[in-house]
Amino acid sequence: MDYTLDLGAVTRNMGPLMDGLWVTLQLTLAANAIGVIAGFALALLTTSKLAVLRLPAMLFVEFFRCTPAIVQIVWFFYCVPMIFNVFWGPVFMGIVALGLNLTAFNAEAYRASIQAVPREHLDAGIALGLSPTQRVLNIVLPQALRNSVPVLLTNGIGIFQQSALVAIVGVADLMYQGKTLATATYRPIETFTVVALIYLAISYPVGQFVNWLERRQSYS
Amino acid sequence: MADMRDGSALVEIRDLHKSYGPNIQVLKGLNIQMMPGERVVVIGPSGGGKSTLLRVVMGLEQIQGGSVRFGGKPYISAKGDKTVIDTELRKQIGMVFQHYTLFPHLSIMENLILAPRKVHGESRASARERGQKILERFGLGAKADAYPSQLSGGQKQRVAIARALMLDPKLMLFDEVTSALDPELVAEVEAVILQLAESGMPMMMVTHDMWFARNVASRVIFCAGGVVVEDGPPEQVLGDPREERTREFINRVFHIKA
């Protein structure tokens, strides 16, 4: 292969890549805001005793867990405007699509953490005279929320990586800017390598932080 | 005669039936009358319904038949498919479990004062003061700000006892509270229970430790097959049982221990 690496083609054009990274970060943070809050509400619904609440919530979760994220995003971008006659900006659409996906996965994280609280703790709560609401607020939720943090962070950084999928539907994120730059400069190797390294530089520290957090929690 | 004693019994269990699912009958018409000040130790083979009995008295289980009175008042009864439990009476009973049930996200002191504050609306300062006294009485005065993960198993069980006592229970239930402990930690927990016994606390407990049973009990009940087989003072039930099944059990247990 007769190819001379020219990283300058990328470093001279970091402006668009940084613009793309900013969009990617916006997508990630906003989708996480949705996922952390709505995921919790959804988890409460999936653990409800009432089938009217539980079944639709479980259907929602299973739909997002059992279809590829790329199909969800493409479906959302093409079908939602046509079905509901709403036209939002691409970044907002991306946030909602990624946010719904994360909501489903976070709901599972919360549900698992709620169910992981030992039954004996609830028995002890009854023996201490706490009401059902007091048991949930003082025994179940504090433990469940604490245990769910590592999974929420892992899901959250996962959505940072998945967000690259919205480049396909024209959202000007990091991946999209990389594609554009690679085409314009005829430098796909340099460009996509740098793009990958940027994703890595952000994901890796968060992953390490999660590892540290899990180690710390397992000692306590 | 039974009717005369009804009014004064602390706990009166009548014809108690409890099953898990349609096929597993654990309690099959169990009767116990516990008088105030008594320390009842329930012994018997595994699966004989001992722990279930305690859980029923704590109001943790649905029952399929019979009733429990507490302090002379109706406490638990089976009404058709439903179990009716008087949750106000339930608050007068404390329980310590086999497995550690301290809440790991709360410090020792916070474990102690949670229920007094939430259930009785006691002020934080007053609850803390009482908590500190109980911890000191149990040799745990320095552990108020520690977290459960920093304690040994024996310390955790002593805290669990202290936590239950914070609510001034009229009856304490101990369900194999030393079974999960390393042998060298058993004595410190048993010492705390003996201390409570000497202070006159009524208690009902399940234990496999026959030495301890003999020391703490004012009365021993041998439970097998979901019914009371023998019921009497410790010297009789543990020393010279009248029933053949009790005798077999006692011989086996003491044989293993020797």
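Colleague: Hi! What should I know about numbering and the model before we start?
Modeller: Residues count from 1 along each chain as its sequence is written, and chains are lettered from A and ligands numbered from 1 in the order in which they are written. The model is predicted, so local features need pLDDT of at least 70 and side-chain atom pairs count only at pLDDT 80 or more, while totals for chains, interfaces and linings use all residues.

Colleague: Thanks. How many residues of chain A are in contact with chain B?
Modeller: There, 16 residues of chain A are in contact with 21 residues of chain B; contact means C-beta atoms, placed from the backbone, within 7 Å.

Colleague: And which elements of chain A give two or more residues to that side?
Modeller: Those are helix H6 (119-127) and helix H7 (132-162) of chain A. Helices here are DSSP runs of H or I with at least four residues, strands are E runs of at least two, and both are numbered from the N terminus.

Colleague: Switching to chain B, how many helices and strands are there?
Modeller: Chain B has ten helices and eleven strands. Its radius of gyration, over C-alpha atoms, is 18 Å, close to the 18 Å from the globule rule for 258 residues, so chain B is as compact as a globular protein of that length. That rule is 2.2 Å times the number of residues to the power 0.38.

Colleague: Nice. What does its C-alpha trace span?
Modeller: About 50 × 45 × 35 Å along the principal axes of chain B.

How values were computed:
Contact = placed C-beta atoms within 7 Å.
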